[in-house]
Amino acid sequence: MTMAEHHKHDRHDEQSLVEQHAVRDSRAGLPAGPPIIEELAHMHNDGVVARDETVGRTLWGDAWRRLRRNKLALIALIWLVVMVTAAITADLWVSKLFGDPATINSATAMSNRLLDPSLAHPLGTDTMGRDMLGRLIYGARASLTVGLSAVVISVAIGLLLGALSGFYSGITDSLIMRMTDIFLAFPYILFCILILAMLPTSARGIGPVILSIGLLGWPSFARLFRGSVLSVKENDYVDAGRAIGASDSRLMFRHIMPNAIAPVIVYATMSIGGAILTEAALSFLGLGIQPPEISWGRMITDGQRLMDTNPGLVFWPGLMIILTVVSFTLLGDGLRDALDVKMKD
Amino acid sequence: MADHLLEVDDLTMYFHTRDGVVKAVDGVSYTLDKGETLGVVGESGSGKSVTALTMMGLIQMPPGKVERGDAKFKGRSLINMKEEEIRKIRGNEIAMIFQDPMTSLNPVYRVGMQVAEPLMIHKGMSKRDANKQAVELLRLVGIPNPEARVKDYPHQFSGGMRQRAMIAMALACDPDVLIADEPTTALDVTIQAQITELMQELQKRTGSAIIMITHDLGVVADMADRILVMYAGRMVEYGTTDEVFYSPLHPYTWGLMDSIPTQNLVEKTALRPIDGQPPSLVNLPSGCSFHPRCPYAQAKCVTDVPAYHLVDGTHGAACHFAGDPGFVRGCSLEVMV
């Protein structure tokens with residue numbers, strides 16, 4: 001587009017805008033009936049801006065609108081939705097398409113072993129003749145279950161302790177925060193390994209992994225929520241709430257919590273990635289999810305001996321871990337921007 | 001004397017902080033009757049809000065501590081009341097309107113919900129009934145189209161409308177006492193007038209007593225029945241509005257009146273502020289805490305704390321010379337001219 005055209009274009013836009021205004025003005029000028037005129041008069045009276053598209057806008061609606069504008073976060077969200085859907089529905093279609101990914105079929109194991117990608121096996125097969133794609137999808141189940149459940153446990157403990165700590169200052173606060181400090185001083189993964197290593201092999205599995213990650217993850221949430229509660233607590237509307245006779249629990253759960261929860265949501269989303277990573281590491285070390293259950297970490301362990309000749313055995317589960325963890329991080333990042341009221345446009 | 005609605009007697013509350021004892025409220029006494037309006041006037045930090053907050057039990061204790069005195073509401077001591085009991089009074093029998101309507105509404109709830117909240121807490125109303133009542137309350141405070149507006153969020157309201165919503169919230173349970181803590185300070189002048197008018201009109205309708213806390217004498221002039229002037233946590237003058245306006249006794253009150261801008265169209269005159277700064281409440285000046293800023297201070301003012309004493313009938317002041325008609329007339333005339 002040349003400069004002149006550009007100008008013309010601009011002018012055209014301007015003109016059409018002017019026209020639109022004119023149209024709107026003439027509409028407003030029409031005898032529109034008494035109620036509207038009365039309403040307009042009131043608005044001028046009180047300096048109220050006209051009620052346009054803001055009707056029915058909720059804070060969550062606003063956040064969703066802002067999140068949708070963030071391309072990376074949206075891609076991450078789509079990826080996660082696809083993965084979750086695949087993982088949930090896996091029982092319905094994976095076995096039919098690619099064969100049972102968990103059990104070893106002794107009749108075909110040798111002949112199907114380490115096949116190259118083909119139509120029947122889009123990502124090839126593993127050392128036991130099981131379909132890689134099918135295994136990856138079932139692996140997503142373990143990862144997502146561990147990631148979500150562990151973070152839910154951490155968040156629940158963290159919210160409770162953080163709320164108590166931030167709301168009641170003084171001795172309660174000191175006690176809880178010192179406990180948090182002690183827990184934060186533990187080397188996280190080492191402690192998980194220690195807990196799981198103490199269990200007999202037969203007791204290992206997805207449950208202990210979730211518990212160990214979840215029970216050790218809460219201190220950061222407690223700290224974060226405490227800080228958030230402390231700052232929200234200072235707001236006038238909390239005093240106003242107290243002044244209308246709200247009880248402590250009402251103040252905490254109805255007045256403070258909804259305003260203080262955003263950073264926890266963001267951090268929780270990012271932490272899911274971290275929990276998935278920890279699960280993969282624990283399973284890689286043989287302490288986490290046990291065969292025949294499928295885990296991406298375990299798949300890497302099984303594949304690493306043949307990495308030179310069949311890099312796919314390690315590459316695909318590794319890629320899944322990276323994509324999932326990065327997706328949760330990006331989504332968390334997007335949520336941080338979306339939930340930040342100060343960044344309101 | 002139990003027939004007063006609210007009776008504050010020698011109320012004294014200090015904050016015990018790391019920097020020392022802050023004498024935020026020091027021997028404040030007043031009474032309030034049904035349907036009456038009391039104006040509490042003073043500079044920032046003079047303890048006018050803290051007095052009200054102490055009464056409502058909204059001061060964190062510690063660091064705050066009521067040293068002596070009492071505040072009785074309908075004959076019951078608010079100071080010695082258990083938290084569960086006073087909670088039933090807050091928002092129900094004594095309600096408060098805060099200074100800044102922009103921050104006093106919770107941003108995550110619909111306005112109607114918040115106006116309805118006191119009704120759900122105190123009257124045990126269901127969400128639906130309370131919301132219906134909220135529509136009526138918003139209509140009462142002059143919000144246009146309240147049926148639609150209850151569903152709005154606070155950010156969709158202008159400052160004046162938010163203050164109206166705050167008033168609706170305070171009036172929800174039809175309180176006996178309404179404490180308005182600088183309700184117009186954060187608003188622009190035209191809205192200020194509207195809000196003041198609204199409060200007067202509502203008072204006529206509901207018969208509730210109002211404690212109007214402000215630093216603006218003009219706001220209380222045509223609203224209050226009685227005026228309490230506070231300085232550095234102490235009451236310096238207390239009397240009917242006419243008494244305080246037409247025959248003020250305390251040099252601080254003269255200063256306050258003198259600093260009201262006059263509408264003088266012919267001659268341009270500079271504003272006359274009170275010289276100096278309000279004192280630090282941790283380290284009050286000796287004697288009369290106003291003496292460093294008082295143009296008439298004498299040796300006695302530096303050494304002796306003036307006690308509040310009645311000068312005639314109901315009108316009193318905390319100045320050594322308030323009882324001396326010659327001093328009062330001479331000096332106040334000098335200032336007023």
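1. Chain A, secondary structure. Chain A contains 13 helices and zero strands.

2. Chain A, packing. Chain A has 345 residues, of which 34% count as buried. Among its contacts between residues at least 6 apart in sequence, 72% join residues at least 24 apart.

3. Chain A, confidence. The mean pLDDT of chain A is 77, and 77% of the residues score at least 70. Within chain A, helix 6 (residues 171–185) has the highest confidence, at 91, whereas helix 2 (residues 34–46) has the lowest, with a mean of 41. The pLDDT is below 50 over residues 1–55 of chain A. That stretch still has 16 contacts in the model beyond near neighbours in sequence. Where pLDDT is low, predicted coordinates should not be read in detail.

4. Chain B, secondary structure. In chain B the secondary structure comprises twelve helices and twelve strands. Chain A, by comparison, has zero strands.

5. Chain B, overall dimensions. The C-alpha trace of chain B spans about 65 × 55 × 40 Å along its principal axes. Is the radius of gyration of chain B in agreement with that of a compact globule, or in disagreement? For 337 residues, a compact globule would have a radius near 20 Å, and chain B has 21 Å, so the two agree.

6. Chain B, packing. Of the 337 residues in chain B, 48% count as buried. Among contacts in chain B between residues at least 6 apart in sequence, 64% join residues at least 24 apart.

7. The interface. How many residues of chain B are in contact with chain A? There are 28, and they meet 23 residues of chain A. On the side of chain B that touches chain A, helix 2 (83–89), helix 3 (111–122) and helix 6 (159–171) of chain B each supply at least two residues. Helix 3 of chain B gives the most, with four residues. By residue type, this side of chain B divides into 13 nonpolar, ten polar and five charged residues.

How values were computed. Residues numbered from 1 in each chain as written. Chains lettered and ligands numbered in written order. Predicted model: local features only at pLDDT ≥ 70, side-chain atom pairs only at ≥ 80, totals over all residues. Contact = placed C-beta atoms within 7 Å. Nonpolar A, V, L, I, M, F, W, Y, C, P; charged D, E, K, R; others polar. Rg over C-alpha atoms; globule rule 2.2 N^0.38 Å. Buried ≥ 20, exposed ≤ 12 C-beta atoms within 10 Å, placed from the backbone. pLDDT = per-residue confidence, 0-100.
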